[in-house]
Amino acid sequence: MISLFLGIGVFLRVYQLDRQSLWGDELFSVHSSSIDSWSEFFKVISSDPHPPLFQIILKLWLKIPFQNQEILAKIFSLTVSILNLILVWLLSGHLSIKIRLLFLFLFSVSPGAIYYAQEVRSYSLLLLLSTIFFLLVTKLKNPVIKQKSILISLLVLSILISYIHLFGFIYSGFLILFLFLIHSFSERKISIVFLTIGIIVILAYFPFLIHLKQAGRIETAGWISAPDSILFLGFYNLFFSVSIKHLILTVILPLILFLVLLIRNLVNIKISNWNFQTSTIYLFVALSIIFLTTLFSFYIPITTSRNWIVTLPLIYYFISVEMSSLKYFKFFILILILSVVFSLMSLRKNFYIEFKEDWRGATQVISGKCPGPLVLTDAFPEFFNLYLKWNKVQDIHFDWNYNLETANQTYICLVSRKLGGNNLKVEPKESYRFIEKYEVLGFEIKKFKKVNLF
């Protein structure tokens with residue numbers, strides 16, 4: 001069963017890894033981390049509202065000698081996600097075998113974990129650290145003070161995950177806060193331990209929070225909208241890939257199963273029996289993170305569904321623990337497997353396709369159709385130039401389209417990003433005549449030729 005679940009998880013993450021190009025946000029990460037100069041690197045990422053640790057780790061990863069740098073970048077998130085599956089099993093040895101297998105199975109088939117295993121962004125690493133942090137917490141036993149190695153690990157992980165993503169800070173902060181509150185009345189020594197960890201983490205993260213405020217970097221995420229139904233639908237898709245055609249199996253049945261587990265848990269709850277493996281605590285932490293960040297996002301929108309990926313280990317653990325003790329366990333497992341099968345069918349239809357902007361394809365078309373040396377674009381010429389560098393194309397260079405007036409060559413190509421570029425629409429001078437247009441997913445390429453007006 002272990003080999004089967006790991007095999008399924010690895011296959012779903014590796015399958016068609018290179019079917020499509022990197023898209024804008026991924027290219028920002030890869031382009032920034034490809035800069036040789038460390039001073040220039042930090043200057044570029046200073047415009048990013050996220051903490052710098054992911055970019056630093058990716059920069060070190062890209063130093064690995066590998067011919068295909070795009071694949072190397074994709075392998076980073078893939079490796080992290082597969083490592084997460086392995087550690088889910090290795091770090092859960094203190095749990096019952098039934099809980100461990102369910103926990104591993106849910107991670108293996110998680111649409112959210114699979115999606116970000118194939119995207120070069122921080123979320124796969126964020127999920128890995130969230131999972132390790134959570135499993136170490138469940139390893140704690142009283143007296144906590146004697147488990148110094150775990151406590152030190154939790155402190156280090158809290159700082160690391162905070163510098164991966166703001167929601168890593170929120171996640172570890174909520175877990176530490178709840179552990180402090182739970183023990184503050186019964187076990188004062190334990191509560192002081194968690195209070196101390198929390199204070200150290202805040203002090204360690206405070207410099208970044210100050211920088212975030214002073215630099216106005218939160219404004220660079222101004223595209224995030226206020227919470228709406230799309231936010232929660234996206235969050236649900238981290239667990240099950242929704243299929244309108246099979247709505248009962250991918251939405252209604254999983255929600256009914258979860259409600260059964262929740263009601264059963266609330267009916268049988270005994271606060272006096274709570275310990276570090278009590279699933280109710282972690283579900284409550286997950287729901288608190290979702291609820292409070294949603295409320296805050298009505299004031300300053302900071303929440304996207306992918307940010308809530310940190311709650312996956314908490315919710316999966318709750319499901320695993322509660323399902324493992326059900327009277328009709330086999331019946332509910334069949335329901336779960338059936339829902340997972342149809343979820344994966346939906347994932348195959350909607351995920352294992354080309355749906356991202358095709359920066360790679362656009363660069364290939366331009367390399368073959370535009371003589372150059374200058375090609376003008378309304379969006380991120382450095383991303384196109386990165387693909388040219390990878391493809392070892394040296395006779396073409398991209399620049400912003402507002403430099404059109406300085407162009408003086410026989411052929412000129414203008415590349416427009418359909419999602420919107422710099423909102424500057426330019427057309428060549430009368431001395432250039434339109435020849436043809438090429439369409440690539442996310443881009444429109446127009447080719448012009450210089451003509452003699454006299």
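Start by selecting Phe380 in this predicted model: Phe380 sits in the loop that links strand 1 (374-377) to helix 18 (381-390). Check its backbone and you'll find a positive phi of about 45°, even though Phe380 is not a glycine.

Strand 1 and strand 2 pair in the parallel sense, over four bridges. To see one of the pairs, pick Leu374 and look for His397 in strand 2, its bridge partner.

Five strands make an open sheet in the order 2-1-3-5-4, with mixed pairing. On average, neighbouring strands here are turned by 25° against each other, direction ignored.

Helix 17 (359-369) lies across strands 1, 2, 3, 4 and 5, running at about 15° to strand 5 (443-450). Helix 18 packs on the sheet too, touching strand 1, strand 2, strand 3 and strand 5, and its direction makes about 175° with that of strand 2.

Now jump to Gln16, in the loop between helix 1 (2-14) and helix 2 (24-33). Here's another residue other than glycine with a positive phi, near 55°. Gln16 is partly exposed, with a relative accessible area of 33%.

Last stop: helix 4 (53-61). Select Leu53, Phe54, Gln55, Leu58 and Lys59, which are buried. What do the buried residues of helix 4 pack against? Display helix 2, helix 3 (38-45), helix 5 (69-90), helix 8 (123-138) and helix 9 (148-162), and you have the partners.

Conventions
Residues are numbered from 1 along each chain as its sequence is written. This is a predicted model: local features need pLDDT of at least 70, side-chain atom pairs count only at pLDDT 80 or more; totals for chains, interfaces and linings use all residues. Side-chain values use heavy atoms; hydrogens and water are left out. Helices (H or I, at least four residues) and strands (E, at least two) are DSSP runs, numbered from the N terminus. Buried means under 20% relative accessible area, exposed over 50%, partly exposed in between (1.4 Å probe, protein chains only). Contact means heavy atoms within 4.5 Å. Two strands pair if DSSP finds at least two bridges between them. Axes are lines fitted to C-alpha atoms, for helices over the stretch in contact, and angles run from 0 to 180 degrees between N-to-C directions.
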